[in-house]
Structures are given as C-alpha cells and as structure tokens.
Amino acid sequence: MTGEATADAADGKQGPGAPRVGLAVIAREWGRIGCIGFGGPPTHIALLRQLCVQRRGWISASEFEDGIAATNLLPGPASTQLAILTAWRLRGTPGALVGGVCFIVPGLVLILALAALFLAGDPPLWVLGAAGGAGAAVAAVAVQAAGALVPASWKRAGDGHAAQARWVGYALAGGSAAALAGPWMVLVLVAAGLVEMGVRTGPAVPRPRGRAAWPVPLALAAPAAGGLGALAWVAFKVGALSYGGGFVIIPLMQADAVDRYHWMSDGQFLNAVALGQITPGPVVQTVAVVGYAAAGLGGGLLAAAMAFAPSFLMVIFGGSRFDRLRSSTAVQGFFTGAGPAVIGAIAGSAIPLALVLEHSWQYGVLAAAAVWLLALKRGVVSALLGAGTLGMVAALAGWPVT
C-alpha cells in the first residue's frame with residue numbers, strides 16, 4: 001500500500017479487511033475512471049482493478065474477482081455495480097453513493113450534451129449524416145455484443161448434451177422474443193431462468209428472493225398514459241431488468257420509447273444507442289437520451305436517476321449477502337438459464353434495429369460495420385465513429401439523410 005493509501009486508511013476499516021478511504025479520494029479516483037472509461041465494461045473493470053488492487057492495494061485480488069462474479073450474476077449494468085461495490089467496500093454507504101455518482105456523472109453529462117445536439121429541432125446537415133451513419137451500425141454492434149457473451153455462458157451451461165440443448169433453446173427463445181415481443185421479452189428471460197432452476201434444483205425449489213423475483217410484476221405493470229410517470233417507470237424497469245449487460249436494454253426500451261409513448265423515432269432511438277456506446281460509462285446511459293427526447297434535460301436526468309437507482313439499492317442493501325447469493329444453487333440455476341436467453345435477445349434485437357433503416361446507403365454502412373466488428377474483431381467505438389464519418393460523407397455528397 002502506498003503512503004497516500006496508508007494515510008487514507010488511518011481512521012478505521014469498512015468491509016472485510018478494506019481500509020476506510022476518504023470520500024474525497026473516492027470522488028477523485030472514481031470520477032477519473034468515469035471520464036476515461038471509453039470502451040465499456042472491460043475497460044471499467046480493468047481500470048477499477050488497476051486502482052483498487054494493483055496501485056492502491058485497497059482490495060485483495062480474490063475479493064475483487066468475487067465482486068466481478070457477484071455483479072455479473074445480477075441484472076443491471078455490471079461494471080457500474082462493481083464501481084459502486086468497490087467504493088462500498090472502502091467506505092460503506094457514503095462511499096457507494098459518492099463513488100457511484102462520480103463514476104456515472106462524466107458520461108452522463110457528455111451524453112446529454114450530445115443528445116441536445118443530435119435531437120435539436122433543426123440540426124446541421126453533418127449532424128444528420130453522422131447520426132444516420134452511426135445508427136446504421138448499431139445492429140452489428142448488437143450482434144457483436146451477443147457474441148462476446150457466448151463463451152462464458154456456454155461454459156457455465158456444462159458439458160452434458162441435455163444442458164447444451166437447453167442453452168440453445170433458451171437462446172432461440174430470447175432471440176425470437178426480442179424480435180417479436182418488445183418489452184414483454186422479459187417474461188421469456190424469467191421463464192428460461194425458472195425452467196433451468198427447476199431442472200438443476202428440483203421442482204420443490206422456493207421462488208428466488210431479491211432481484212430474480214422482480215421481473216414478472218415489473219413487466220406486467222406499466223402506466224397506460226405517457227408523461228414523467230411513464231418515463232420514470234420505463235427507466236426503472238430498464239435498470240432493474242437488464243440481465244446480461246447493458247445492451248439488453250435495446251429490446252426492453254425500444255418498444256416503449258418508439259411505439260408505445262412515441263418519445264422518439266426509430267432513427268433517433270438508433271442514435272441514442274450509438275451515443276451510449278461512444279461515450280464513457282455504462283451503455284445504460286442510453287436511457288438518458290430517451291429521457292431527453294421525452295422531456296428535455298429534466299427528463300434525461302430523471303431517466304438516468306431511475307435507471308441507476310436499482311444498482312445503488314441492491315449494492316447498499318445487499319452487498320453483505322453477495323457471497324450467499326453466489327453460493328445459492330437456485331440463483332445459479334436461474335441465471336444459467338436466463339443468460340443464454342439474454343444473449344439471444346441481444347442478438348435478436350439486431351433484426352428490428354436493421355429493419356428501421358431508411359436509406360440504402362445505411363445498409364452499406366451496416367455491412368461495413370459488421371465486417372469491422374465480426375470479421376476483423378475491431379472495437380465498437382472505432383466502428384461507430386467510422387460509421388458516423390461515412391454518414392457525414394453521405395450527407396455532404398447529397399444523399400438522403402432525413
């Protein structure tokens with residue numbers, strides 16, 4: 001531990017063996033990660049590991065890996081939950097609040113500023129072109145995101161032929177639901193989890209407590225009218241039900257934002273997803289763009305607050321029980337079944353995302369993005385920036401971009 005870390009830890013401990021670090025230090029370090037965390041969860045995890053384990057020695061390597069495993073078991077943005085959890089380990093509830101907020105705010109400020117530009121009533125031609133190009137690539141990003149989750153989920157299913165056949169069935173069910181059922185897709189995810197839980201633990205298993213029990217009432221209850229109440233509910237539902245990573249918010253949110261409440265067009269929704277990918281912080285911040293489209297800056301802030309609230313609540317009130325969660329056969333079985341359904345849902349969301357493209361040149365951009373991401377194995381940020389550049393070129397060349 002460095003001299004600065006020793007000084008920070010001088011006034012006691014919080015959590016199993018963790019030093020009590022000053023809130024100002026947490027604000028500075030977690031804010032720094034929030035500013036430079038381009039690239040999604042792998043980057044966030046690497047930066048948190050470098051800070052907490054390697055550079056400061058605040059958390060042991062094994063405890064950090066346990067935190068990754070626990071947060072990946074749960075719905076919601078896993079890397080954000082890990083940021084909140086590591087700060088909670090160091091300073092309890094105040095640390096979780098300060099660390100989580102400082103991690104989230106930099107990306108949130110940037111994405112709201114970009115939302116104001118891209119959703120302006122009369123944006124410049126180059127902005128329309130960049131939006132059309134970046135939005136065209138989103139379907140390829142969805143397929144890439146799903147593919148990245150396959151190896152770990154397949155390994156978790158086990159080596160038996162029956163288990164692997166169920167994995168394929170869950171994935172196909174999730175993909176079909178994402179393409180056809182919109183926000184009701186969550187019922188398919190829950191059903192897959194419950195089926196696998198029953199297979200692995202027997203029919204007499206109790207209903208899982210905590211987050212695994214939330215989705216059914218959350219999915220069934222929704223305000224019929226629009227307004228801030230509907231926006232808050234949609235955002236909260238997204239934050240509480242995004243199993244398997246932030247990208248599953250696409251099928252959860254698209255039907256509500258575009259078809260049900262008409263807060264934005266299909267093209268604007270594609271732009272929102274693209275902005276969530278190229279800004280630092282979690283993909284769930286896409287919901288802030290939806291909120292901005294629905295109710296301006298206040299709507300964006302409300303949507304972000306509601307989407308991230310479940311992560312804060314579950315870490316603060318459930319962090320001490322995470323070890324028990326990981327050891328629960330029922331919970332492990334549930335997420336073993338829900339995981340492939342989520343992968344299928346993320347991949348399946350590419351179908352409606354591709355179908356809403358309006359111009360033929362956008363399909364060319366989509367094909368180029370697919371080659372970049374899936375064949376050449378390049379990064380998402382570079383793919384979206386390149387697609388946006390192609391869109392600007394198309395706009396300046398006089399091709400249709402509206």
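Helices (H or I, at least four residues) and strands (E, at least two) are DSSP runs, numbered from the N terminus. On that basis the protein contains 19 helices and 0 strands. The structure is a predicted model, in which local features need pLDDT of at least 70 and side-chain atom pairs count only at pLDDT 80 or more, while totals for chains, interfaces and linings use all residues. Residues are numbered from 1 along each chain as its sequence is written, and side-chain values use heavy atoms, with hydrogens and water left out.

**Burial and core**

Of the 402 residues in the protein, 54% are buried; buried means under 20% relative accessible area, exposed over 50%, and partly exposed in between (1.4 Å probe, protein chains only). Contact is defined as heavy atoms within 4.5 Å. Among contacts between residues at least 6 apart in sequence, 72% join residues at least 24 apart.

A nonpolar core is a set of buried Ala, Val, Leu, Ile, Met, Phe, Trp, Tyr and Cys residues joined through side-chain atoms within 4.5 Å. The largest such core holds 126 residues, and W30, W58, F247, M253 and F269 touch the most other members. Helix α5 (residues 78–118) gives the most to this core, with 15 residues. When neighbours within four places in sequence are set aside, F247 is in contact with V138, V141, A142, A145, V273, Q277, V283 and I346.

**Two helix pairs**

Axes are lines fitted to C-alpha atoms, for helices over the stretch in contact, and angles run from 0 to 180 degrees between N-to-C directions.

| Helix pair | Axis distance | Angle |
|---|---|---|
| α8 (residues 161–180) and α16 (residues 329–348) | within 6 Å | roughly 40 degrees |
| α18 (residues 360–375) and α19 (residues 380–396) | 10 Å | about 155 degrees |

Angles under 35 degrees count as roughly parallel, over 145 as roughly antiparallel, 65 to 115 as roughly perpendicular and the rest as oblique. Helix α8 is therefore oblique to α16, and α18 is roughly antiparallel to α19. A crossing is right-handed if the near helix is turned clockwise from the far one by less than a right angle, and left-handed if anticlockwise. The crossing of α8 and α16 is right-handed, and that of α18 and α19 is right-handed.

In α8, the residues W167, Y170, A171, G174, G175, A178 and A179 meet G337, P340, A341, I343, G344, A345 and G348 of α16. This contact comprises 9 nonpolar, 5 polar and no charged residues, where Ala, Val, Leu, Ile, Met, Phe, Trp, Tyr, Cys and Pro count as nonpolar, Asp, Glu, Lys and Arg as charged, and the others, Gly among them, as polar.

In α18, W361, V365, W372 and L373 meet V380, S382, A383, A387, L390, G391 and A394 of α19. The contact of α18 with α19 has 9 nonpolar, 2 polar and no charged residues.
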